Amino acid sequence: MKQYFIWQISKTRVTPDELRNRFFDIGAEMAKELLNRDAYVRVSEIFAESFSDAFTVGNLFPEGQIVWTHNMHSVSVGDLIEDGETGEIRVVMHIGYRDWE
């Protein structure tokens, strides 16, 4: 199993419009801007086989595969999944992921 990190937007670090927009218009550039502004918080460490498996673990919370580091909701649109080995980051979209460009 590989190590992945889940990053989620902190409601106290963004405007209400930015929080709403994450569901509609989040892309790599907007996500990078929010990450650079410290709007994202690393909320968990997940042990999984792939990005898709990390998404599943982040929604089902199976015992032994997730360590919470901050308050967390299930993985959803606008969240980031980071590969702990390579540093590759993907933005969770309505369907699938958008690569960190």
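The largest pocket holds about 200 Å³ of space. A pocket here is an open set of points on a 1 Å grid over the protein atoms alone, with protein on both sides within 12 Å along at least five of seven lines, whereas a cavity is a set of points where a 1.4 Å probe fits but cannot get out. Grid points are joined across faces, edges and corners, and the volume is the space filled by probe spheres set on the points. The model is predicted, with local features requiring pLDDT of at least 70 and side-chain atom pairs pLDDT 80 or more, while totals for chains, interfaces and linings use all residues. Residues are numbered from 1 along each chain as its sequence is written, and side-chain values use heavy atoms, with hydrogens and water left out.

The lining of the largest pocket comprises 12 residues, and Gln8, Ile9, Ser10, Lys11 and His73 lie nearest the centre. Lining residues are those with an atom within 4 Å of a point. Strands S1 and S2 are the elements that give two or more residues to this lining. By class, five lining residues are nonpolar, five are polar and two are charged. In this scheme Ala, Val, Leu, Ile, Met, Phe, Trp, Tyr, Cys and Pro count as nonpolar, Asp, Glu, Lys and Arg as charged, and the others, Gly among them, as polar.

**Fold and strand pairing**

The protein contains three helices and six strands, in the order β-α-α-β-α-β-β-β-β from the N terminus. Helices (H or I, at least four residues) and strands (E, at least two) are DSSP runs numbered from the N terminus. Of the 101 residues of the protein, 43% count as buried; buried means under 20% relative accessible area, exposed over 50%, and partly exposed in between (1.4 Å probe, protein chains only).

Two strands pair if DSSP finds at least two bridges between them.

| Strands | Bridges | Facing residues |
|---|---|---|
| S1 (residues 2–9) and S2 | eight | Trp7 and Arg42 |
| S2 and S3 (residues 66–68) | three | Ser44 and Trp68 |
| S1 and S4 | four | Phe5 and Glu82 |
| S4 and S5 (residues 89–92) | three | Leu80 and Val91 |

Strand S2 (residues 40–48) is mostly covered, with seven of its nine residues buried. In strand S4 (residues 80–83), Leu80 and Glu82 point one way and Ile81 and Asp83 the other way, and all are buried. In a regular strand the side chains alternate between the two faces of the sheet. S4 and S5 form a hairpin with five residues between them, and Gly87 in the turn has a positive phi of about 80°.

**Aromatic contacts**

Rings of Phe, Tyr and Trp (its six-membered ring) pair if their centres lie within 6.5 Å; planes under 30 degrees apart count as stacked, over 60 as edge-to-face and the rest as tilted. By this rule there are two aromatic pairs. The pair of Tyr4 and Phe51 is edge-to-face because the planes of the two rings stand at 65°, with the centres 5.2 Å apart. This pair links distant parts of the chain, as Tyr4 belongs to strand S1 and Phe51 to helix H3 (residues 51–60), 47 residues apart. Tyr4 has a relative accessible area of 1% and is therefore buried; Phe51, at 6%, also counts as buried.

The pair of Phe61 and Trp68 is tilted, at 5.6 Å centre to centre and 50° between the planes. Phe61 is partly exposed at 30% relative accessibility, and Trp68 is partly exposed at 46%. Phe61 lies in the loop between H3 and S3 and has a positive phi near 55°, although Phe61 is a residue other than glycine.

Phe5 takes part in a contact with a charge: the charged end of Arg42 sits over the ring of Phe5, 4.0 Å from its centre. The criterion is that NZ of Lys or CZ of Arg is within 6 Å of the ring centre and within 35 degrees of the ring normal.

**The loop between H2 and S2**

Arg37 is placed in the loop between helix H2 (28–36) and S2 and is partly exposed, with a relative accessible area of 38%. Arg37 and Val14 are 23 residues apart in sequence, and their C-alpha atoms are 9.1 Å apart in space. Asp38 lies in this loop between H2 and S2 and has a positive phi of about 65° although it is not a glycine.
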